[in-house]
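Hello,

Here is the structure we talked about. Please open it next to this message and follow along.

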Amino acid sequence: MDETIELILAKYNSQQLSKEHLQFEATALKKISGINSNTLGEINRGKVDFIASIYRLLGLSENHTLDGLIYKEMVTHLTARERTFIEKHDFRAITTDKCAPFNLRSSDGELSGIAIDYWNLIQNKTHLQSHYLIADAWQEVLDSLKGNTADLTISTGITDDRKEYALFSKPYASFPIALATINDKGFISSASYLQDKKVAVGRGYSAYKILKQNYPDIEFILADNITHALKLVSDGKAFAAAEIFPVLASKIGELGYTNIKISGTTKFNFDVRIMVRKEYPELISIINKGIESISEDENKTIHNKWIAVNYQQGTDYSLLWKIGLPLTLLLLVFYLWNIKLKHEISRRKSAERQLKHLATTDKLTKIHNRYKIEPLLDQQLGLFRRYHRSVSVTFIDLDNFKKINDTYGHTNGG
């Protein structure tokens, strides 16, 4: 900085500024530049949006979109072959818009949801290009992958039959399979409780395949979708409905069921993956790299956006003894400690009062000593100076009192 100032003074000081003025400018500009926060020269969407809003307020710009204005550096490391593969394809992503909160239509008619947000994130990180095909039912999604009329779908799970015609990415999210019943049913601590009971589940859904494989004695009712499954429960035709927790909770709220609750979750988690037609193994490799680059903060942002749901859940009373007794003992310890602490605080306050009295009171005469009088005198003098009130100080002294102390001692004299 000093060398630059000297150069300006020697060759470029057309405004005849002093060295002190140039030093002040340099210090101020250094703060504004953001050089210490590693933002010098950075261009991001937030900065550009802010600048654009100022121009719009000044009437100097119309409300043009800024999409594509800022170059996005590829976050993930792709091979030359993978980059070439991406450049040659605009992939057909098929999904439904009836599976909230994974895939749904927003108020403005655009696709939104957990799966959409994750897919957009993966595309941004890898520069994948795709367009959506909307299916009326889940079976249509599967048929499109089988028949190669679509290239991928963005939220599904692995099953043995699907492995025959598709490839699967790593999971980008995982949710438990939950169970919904009528309100008067108790807490379901395990799916084994559902054996010999009727359970409604979507035809071809991953939840059905997982539960069917592990609990063949459950009497499954294959519903057209989760809406149909919940209606069967509400009408008393099924004991429970099974589906991924976010979908089940969202659909109960969306349909306004007041007689249905989520009564428990199973031990099985549904790993949400992207399913790709078998002819595109390169695409799986690229998608997996995108998933691996998703940060914990990005995961939290999506989950907090879509999984903030309220639901009623039963209680597993078998846990009360294990949890309740230690908790009661812990509360008792806190209570006794609190009583002891209050006693100690009271004792210390009493001691403080006694020490303060001894420090400010003459032991023999029992009147205030100089340590008490001096702050009182300062206070009165302060009032005198502020309000111009009259003030007086009276001294009382005994002549030759020293002789009494010398003759009878300070204990008797004072």
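Below are the notes on aromatic pairs, salt bridges, a sheet and a surface patch.

This is a predicted model, in which local features need pLDDT of at least 70, side-chain atom pairs count only at pLDDT 80 or more, and totals for chains, interfaces and linings use all residues. Residues are numbered from 1 along each chain as its sequence is written, and side-chain values use heavy atoms, with hydrogens and water left out.

**Aromatic pairs**

A pair of aromatic rings is described by the distance of the centres and the angle of the planes. Rings of Phe, Tyr and Trp (its six-membered ring) pair if their centres lie within 6.5 Å; planes under 30 degrees apart are stacked, over 60 edge-to-face, and the rest tilted. The search of the whole structure gives eight aromatic pairs.

One of them is Phe91 with Tyr280. The pair is edge-to-face, at 5.8 Å centre to centre and 80 degrees between the planes. Phe91 sits in strand E1 (residues 91-96). Tyr280 sits in the loop between strand E12 (260-277) and helix H10 (281-292). The pair therefore ties together parts that are 189 residues apart in sequence. Helices (H or I, at least four residues) and strands (E, at least two) are DSSP runs, numbered from the N terminus.

The cut-offs: buried is under 20% relative accessible area, exposed over 50%, partly exposed in between (1.4 Å probe, protein chains only).

Next, look at Tyr118 and Tyr172. Their ring centres are 4.6 Å apart and their planes are at 35 degrees, so the pair is tilted. Tyr118 belongs to helix H5 (residues 114-126). Tyr172 is in the loop between strand E7 (166-168) and strand E8 (173-182). This pair ties together parts that are 54 residues apart in sequence. Tyr118 is buried, with 0% relative accessibility. Tyr172 is buried as well, at 6%.

Phe91 and Tyr280 also share one aromatic cluster with Phe85.

**Charges over rings**

A charge sits over a ring if NZ of Lys or CZ of Arg is within 6 Å of the ring centre and within 35 degrees of the ring normal. Arg277 lies over the face of Tyr280, 4.8 Å from the ring centre. Lys197 lies over the face of Tyr193, at 4.5 Å.

**Salt bridges**

Side chains of opposite charge can pair when their charged atoms come close. The criterion is a side-chain nitrogen of Lys or Arg within 4 Å of a carboxyl oxygen of Asp or Glu. The whole structure has 17 salt bridges.

Lys305 bridges to Asp117, with the closest N and O atoms 3.2 Å apart. Lys305 is in helix H11 (residues 296-306) and Asp117 is in helix H5, so the pair ties together parts 188 residues apart in sequence. Lys305 is exposed, at 52% relative accessibility. Asp117 is buried, at 18%.

Asp161 and Lys209 form another salt bridge, 3.3 Å from N to O. They are 48 residues apart: Asp161 is in the loop between strand E6 (152-156) and E7, and Lys209 is in helix H7 (residues 206-214). Asp161 is partly exposed, at 35%. Lys209 is also partly exposed, at 23%.

Lys251 and Glu254 meet at 3.4 Å, N to O. They are three residues apart in helix H9 (residues 245-255), so about one helical turn separates them. Lys251 is buried, at 6% relative accessibility.

**A sheet**

There is an open sheet of three strands, in the order E2-E3-E4, with antiparallel pairing. Two strands pair if DSSP finds at least two bridges between them. Strand E2 (98-99) and strand E4 (111-112) are the edges, each pairing on one side only. E2 is joined to strand E3 (residues 103-105) by two bridges. Lys98 stands opposite Leu104 in E3.

**A surface patch**

Leu332, Tyr335, Leu336 and Ile339 make a nonpolar surface patch of about 420 Å². Patch residues have over 30% relative accessible area and no salt bridge; like charges are joined within 9 Å, nonpolar side chains (Val, Leu, Ile, Met, Phe, Trp, Tyr) within 5 Å. Accessible areas come from the Shrake-Rupley method with a 1.4 Å probe; for residues, only the protein chains shown count as cover. Ile339 lies in helix H12 (residues 320-360). Ile339 is partly exposed, at 44%.

Best wishes
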